[in-house]
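Please read it alongside the sequence and the coordinates.

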Amino acid sequence: MDHKPKQARENWGSRFGFIMAAAGSAVGLGNIWRFPYLAGENGGGAFLLIYLAFIVFIGFSIMLAEQTMGRMSQLSAVGAYKSVSPRFSFIGVLGVLTAFFIMGFYPVVGGWASAYIVKSATGLLASQEAIPGIFGAFVSGSWEPILWMLGYMAVNIIIVSGGVKDGIEKAAKVMMPLLFILLGIIAIRSITLPGAGEGLRFLFVPDWSKVDGSTVLAALGQAFFSLSLGMGCMITFGSYLGKDENLPQNASLVVGLDTTVALLAALAIFPALFAFGMEPAQGPGLVFVVVPQIFASMGGILGTLLSILFFVALTLAALTSSVSLLEVVVAYLIDQHNFDRKKATIATGIVMATVAVFASLSMGVLSDFHILGANVFDFLDILTDKIFMAIGGALLAIVVGWFVRKEDLQNEITNGGAIKFGLFNIWYFLMKFVIPVAIGIVAVLGIAAVEQTGLMIFGLGLIAVLAIFSRKL
Ligand code: TRP
């Protein structure tokens, strides 16, 4: 079968390049920083099981759908939706807005990770007992975390304005495997600490009494966040994918890698956490508090060296994700509004950094400043993770399930019959009926259980406004 793209579009240099770029976007702070602390706050095993179910039934299906949409239209998110119907282009714009809001807090944590490279070298690990206090003092300070965030943001701007291909891809190809190995080492160390069994029980024996609507919504949001779904990122990646690539296989690989890293991170953290007699529900500081303690317990130069390496790898994993987020906004400005790449990147980067200054300060001096019941950091996090991405995913499923011809989808996914995808009919059924309904139920239960009802209504209102004014965007 010969499927020539309509216009010549730049393709990935190699299949490995695509997998690394897509996996690089997926694997980031979401897996190593966010997943463990959410699992810790939401009771461990039960959260893990719900999360895995969402990954298998919803995450994989949407990953495949996004890549299919991208390759079929040969366009990035806004254009891909527009090619189905102009009234759907707002879903792409919603994705751009999501990327923008995530980048209001992601660089703050990216800054923490990079600061910890230096702190590992200069005595962070000197005493195990001091580590939690060091984290608290650091993030609630004003200048220090802001300067690290700005440095992190500057690197993002340099990479995206110069093009993502060379530097970052080369670095990612080395650092992603290194991260994997380091997490493996930490996990083994963690599991073999005396008293680690309790942590394994917490992680693998579900306690269903901890589960309510907000747990389920948190697990769904985390599945989307971790896989970079629900905002058109994977549509854009798919648009660069060659017509002879095997889409189901690519989607499985990215989903599999991402989930493995999240599981490894949990295995690294929880056994040690319980071995050290600490609280699992300690929120966003979790990795920054537990992992250094593991290294401190190893002692000496080895502990210091591994700690430096770990935070270098974490920073790079974060970078490969945040450049994909910045790129979503920049590509939109270039494609739809004829911006120059450099100008678009710098302007976007500056606005994001400004928002991130407030997100950073909300850990300290601005912690009492609330918008609709949440501080700036949580406002951005809840809005994107609990509303925008879930709704974005549901809308994608509806568009793919109801407004794209089934034969066209089948043709695209099987490369015109050249490859087999035995699950096609199940996948299609999931997209058409199960996923929109499931996300709807989870959203309603979650929104009812979450405290920030005003914020939820604000988010839904924003989506409605976008839908109405979409043609102007
Ligand atoms: N998946 C990334 C992480 O886990 C974050 C990320 C990158 C993302 N691109 C995205 C999240 C697009 C949502 C949408 O850290």
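The space taken by the ligand is the largest cavity, where a molecule is said to sit in a cavity or pocket if more than half of its atoms lie within 2 Å of its grid points. The model is predicted, and local features therefore need pLDDT of at least 70 and side-chain atom pairs pLDDT 80 or more, whereas totals for chains, interfaces and linings use all residues. Residues are numbered from 1 along each chain as its sequence is written, and side-chain values use heavy atoms, with hydrogens and water left out.

**The ligand and its shell**

- The ligand is surrounded by 16 residues, the closest being A26, G30, Y106, F225 and S228; a residue counts as near if one of its heavy atoms lies within 4 Å of the molecule.
- Eight residues of this shell are nonpolar, eight are polar and none is charged, where Ala, Val, Leu, Ile, Met, Phe, Trp, Tyr, Cys and Pro count as nonpolar, Asp, Glu, Lys and Arg as charged, and the others, Gly among them, as polar.
- At least two residues of the shell come from each of α1 (15–26), α2, α11 and α15 (300–337), the helices being DSSP runs of H or I with at least four residues, numbered from the N terminus.
- Oxygen atoms of the ligand have a backbone N or O atom of A26 at 2.9 Å, a backbone N or O atom of G30 at 2.8 Å, and a polar side-chain atom of Y106 at 2.5 Å.
- Taken alone, the ligand exposes 360 Å², of which the protein buries 100%; accessible areas come from the Shrake-Rupley method with a 1.4 Å probe.

**The cavities**

- Four cavities of 30 Å³ or more are held by the structure, a cavity being a set of points, on a 1 Å grid over the protein atoms alone, where a 1.4 Å probe fits but cannot get out, with lining residues having an atom within 4 Å of a point.
- The volume of the largest cavity is about 150 Å³, a volume being the space filled by probe spheres set on the grid points, which are joined across faces, edges and corners.
- Of the 19 residues that line the largest cavity, S25, I102, F225, S228 and L325 lie nearest its centre, and the lining divides into 12 nonpolar, seven polar and no charged residues.
- The second largest cavity holds about 100 Å³ of space, and among its 15 lining residues S76, A77, V78, V328 and Y332 are the closest to its centre.
- α4 (77–84), α5 (89–102) and α15 give two or more residues each to the lining of the second largest cavity, and the largest share, six residues, comes from α15.

**The second largest pocket**

- About 500 Å³ of space lies in the second largest pocket, a pocket being an open set of points with protein on both sides within 12 Å along at least five of seven lines.
- Its lining is made up of 21 residues, of which E41, I382, K386, V450 and Q452 lie nearest the centre of the pocket, and by class the lining has 10 nonpolar, five polar and six charged residues.
- α2 (29–41), α11 (213–227) and α17 (376–403) each supply at least two residues of this lining, with α17 giving the largest share, five residues.

Key:
Polar contact = N/O pair within 3.5 Å; in protein donor to acceptor, adjacent residues only side chain to side chain.
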